[in-house]
Every structure is written in C-alpha cells, then in structure tokens.
Amino acid sequence: VVAAPELPESLAASYEAREGVTREAIVAATQAALGDEPRRWGIWGHSAGSGTALSQPGEFALGRACLACPLGRALEARVSDPLFLCASEGDGCNRFSETSPADSLTLAAVNKAPPFSTFESADLAYAGPSLPRRGVLLFREGDALLPNHISFLWTRTNEALFDLLSAFLPLAKALNLFLLDFDTEKE
C-alpha cells in the first residue's frame, strides 16, 4: 500500500492550514486510516518532505528516503531505520545550505555522523543482495546526468506545473525570484 497524504503547503491547497494540522499529525492520521493490523512502514520525501521523512517519530522498518534533500542536515540524522539520501550538485536549492553537497559528505565524516555508504551511480545504489543501512547517492558536477531540484519529480507532474506556471515565469525572473529550478528545467 502506498499513501501520499496532502500536506498544508501543497500546491493543490485543497484545505486551509489550521493549528494542530502538522506534517506529523497528517502522517500519523494516514497510518491510522490504513488500519490497526501490524504493518511495516517506509517514508520518503522530496525537498521539504525530506525533513518530514527524517523527523517523523516512530519506526520505519522499510526505511526513510530523501530526494533533493539538503545533505548536511540529513547526514547528521540520528534515526535507527535504514536511510537513503539522494542529492545533486545541480540542485538550485543548494544555495540555501551552509555547505555544498560534496563538502557535506566530508564534514559528516569529520563530525563523526553515523556511518554511510556513498554510491557513485544509481545502478550501484540498487545493486547487490543487501544494501547498507545508510546510503548516499550524490550526482556531482561532471556526471553525465546532473538533476536539478524538480527533475527528481515525475515528468507528468512537471508538465502540469509548467502548464500552470509558464505564463508567470517571465515576471518571476524579472523580479529575480527563486523558482525551485522551474526556469532551468523549462529551458
């Protein structure tokens, strides 16, 4: 079973954010709605959803996965569940991080963050009969594929966003607004 609850800051905005309706409460309610029988859970998030995947209390025996995440904070996460992080040096959101993704890997080792395995390619990240408890796939400058912030999303999702937002891109660029890489993906 896969569930994707809508969060208050969602682009769909089908409801108004209310006090007490937090990410944590929404994930817990989603788990409760799926029944009382014992289940093994996994959780993943993209961008801000990475913070949800890392901070959500409880056990996620199937693991926690974070895509387009700020590596610095994610590498320091003290969770006992399996953890997979995927980041790109081509992600425009890196400008908000204290360190580059590559520097974050180095600092995590120096700061004695929980140990992790670094994969050089997606093929290697999914190879083998057993995977490490903590793994990082970092797309680096010079790689054949260098994803930006939204290229981690499903193509049809991006197409719908482009259909909706394309008319506003020239104005947003003129105002020098950060566009979560919509502008670079569109070009």
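I started with Phe 139, which is buried at a relative accessible area of 13% (buried is under 20%, exposed over 50%, partly exposed in between, with a 1.4 Å probe and protein chains only). The model is predicted: local features need pLDDT of at least 70, side-chain atom pairs count only at pLDDT 80 or more, and totals for chains, interfaces and linings use all residues. Residues are numbered from 1 along each chain as its sequence is written, and side-chain values use heavy atoms, without hydrogens and water.

Next I looked up aromatic pairs and found 4 in the structure (Phe, Tyr or Trp rings, the six-membered one for Trp, with centres within 6.5 Å; planes under 30 degrees apart are stacked, over 60 edge-to-face, the rest tilted). Phe 139 and Phe 152 are edge-to-face, because their ring centres are 6.5 Å apart and their planes stand at 65°. I placed Phe 139 in strand S5 (residues 134-139) and Phe 152 in the loop between S5 and helix H6 (155-165), 13 residues apart (helices are DSSP runs of H or I, at least four residues, and strands runs of E, at least two, numbered from the N terminus).

I then checked Phe 162 and Phe 182, an edge-to-face pair with 6.3 Å centre to centre and 85° between the planes. Phe 162 is in helix H6 and Phe 182 in helix H8, so this pair ties together parts 20 residues apart in sequence. I noted both Phe 162 and Phe 182 as buried.

Last, I turned to Leu 175, in the loop between helix H7 (169-174) and helix H8 (182-186). Leu 175 counts as exposed because its relative accessibility is 53%.
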